[in-house]
Amino acid sequence: MPQNYKIAFFKVLWILRDYLSEIVIGGGWVPFLYYHYLISDKSREPLRTLDIDLVVGIDLPVLGGKTIDQLLLEAGLKLKFKSRDIPPVIHYEGIIEDQEVEIEFLTEQRGPKDANVIQVQKGLHAEALRFISILLDHVIELTIDDFKVKRKYVPLKVKVPSPEAYIFHKGLIYRRRRNKFKEAKDLYYIFDILINCPELREQIIEGLKRLSGIYSSWFSRFLNNLKSDFSDIKAKGIELILTQRPSGTLPHLNKEQFKQYALGTFQEFIEELSAF
């Protein structure tokens, strides 16, 4: 990961610092935050996309005297319309710290007939998606301790989904993706956390057991998705994960060995979940 892009991500958080208590960071930045600030291993660089997904509630208060839309536009970002919906899906795009940044806001879809896009604050349109409540309702707080403002370290407290909630959400949404690349990334994020965070394994399993009681029908879907797509070495999930394997990941394994390792990882995980 380019160092400047990490700094650009932090700068976006700094711009939105008055709202960090109301924002849950989602998407590909979450494993990065787990590795660096939950298990405190800053040598790990997980697979990520370069966009920034921010999850918010459907009724976002104005904090610090300015809306999020005002803060981002004043920082030089531009509105980009991504759909023909009314209101439309809008992303914020521009250059921060010499890096191209794209920010998307997501919120909860509360029913099948809800609008695809909700204005959650004046000027701020968030795409309404199913299962987002999992990310909003099950969070942990992390402290970014290596961000500098004027050469002085300034801690940033951020909210992210708990590891079990993040995995649960990814296991529900990947099959809904229209984009195969994003579908593959969703599965790889699960795989990446399972193989690289043994410290979190007990928490993840216990957390998923708790979530299975809260969201019983969703959990059944989650488990059935994994069972179907990791049934054997030729299953869809194995091939999708293989497409996302970064260079240098498990270098001692050839392609077939990597596939066997991925299958074993998921089947062991599925067996633990099936015992609930």
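Predicted model: local features only at pLDDT ≥ 70, side-chain atom pairs only at ≥ 80, totals over all residues.
**Exercise 1. The nonpolar cores**

How many residues does the largest nonpolar core have, and which have the most contacts inside it?

*Solution.* 
- Step 1: The largest nonpolar core has 86 residues.
- Step 2: Leu16, Ile103, Phe105, Phe168, Phe222 and Phe269 have the most contacts inside this core.
- Step 3: Helix α6 gives the largest share of this core, nine residues.
- Step 4: In soluble globular proteins, nonpolar side chains tend to be buried together.

**Exercise 2. Aromatic pairs**

Which geometry do the pairs Phe168 and Phe222 and Phe191 and Tyr261 have: stacked, tilted or edge-to-face?

*Solution.* 
- Step 1: A pair of aromatic rings is described by the distance of the centres and the angle of the planes.
- Step 2: The count comes to 24 aromatic pairs. In one of them, Phe168 and Phe222 are 5.2 Å apart, centre to centre, with 90° between the planes. Planes over 60 degrees apart count as edge-to-face, so this pair is edge-to-face.
- Step 3: The pair links distant parts of the chain. Phe168 is in helix α5 (residues 163-173) and Phe222 in helix α8 (residues 216-229), 54 residues apart.
- Step 4: Phe168 is buried, at 0% relative accessible area. Phe222 is buried too, at 0%.
- Step 5: The ring centres of Phe191 and Tyr261 are 6.2 Å apart and the planes stand at 80°, so this pair is edge-to-face.
- Step 6: Phe191 in helix α6 and Tyr261 in helix α10 (residues 255-274) are 70 residues apart, and their pair links distant parts of the chain.
- Step 7: Phe191 is buried, at 0% relative accessibility. Tyr261 is partly exposed, at 34%.
- Step 8: Phe168 also touches Ile134, Leu208, Leu211, Tyr215, Trp218 and Phe219, leaving aside residues up to four places away in sequence.

**Exercise 3. Helices α6 and α9**

Which residues does Ile195 touch, and what covers the buried residues of α9?

*Solution.* 
- Step 1: Ile195 belongs to helix α6 (residues 180-196).
- Step 2: The relative accessible area of Ile195 is 17%. Buried means under 20%, so Ile195 is buried.
- Step 3: Leaving aside residues up to four places away in sequence, Ile195 touches Leu250, Tyr261 and Thr265.
- Step 4: Ile195 and Ala262 are 67 residues apart in sequence, and their C-alpha atoms are 9.1 Å apart in space.
- Step 5: In helix α9 (residues 236-243), the buried residues are Gly237, Ile238, Leu240, Ile241 and Leu242. Their cover includes α6, α8 and α10.

**Exercise 4. A strand residue and a loop residue**

Where are Val160 and Thr67, and which residues does each touch?

*Solution.* 
- Step 1: Val160 is in strand β11 (residues 156-161). It is buried, at 0% relative accessible area.
- Step 2: Beyond four places in sequence, Val160 touches Val24, Ile25, Leu33, Tyr34, His138, Val139, Ile140 and Leu142.
- Step 3: Val160 and Val139 are 21 residues apart in sequence and 5.5 Å apart in space, C-alpha to C-alpha.
- Step 4: Thr67 is in the loop between β2 (52-55) and α3 (68-74). Thr67 is buried, at 8%.
- Step 5: Beyond four places in sequence, Thr67 touches Tyr19, Val62, Gln121 and Lys122.

Definitions and conventions:
Residues numbered from 1 in each chain as written. Heavy atoms only, no water. Helix = DSSP H or I, 4+ residues; strand = E, 2+ residues; numbered from the N terminus. Buried < 20%, exposed > 50% of the residue type's maximum accessible area, 1.4 Å probe, protein only. Contact = heavy atoms within 4.5 Å. Core = buried A, V, L, I, M, F, W, Y, C linked by side-chain atoms within 4.5 Å. Phe/Tyr/Trp six-rings, centres within 6.5 Å; stacked < 30°, edge-to-face > 60°.
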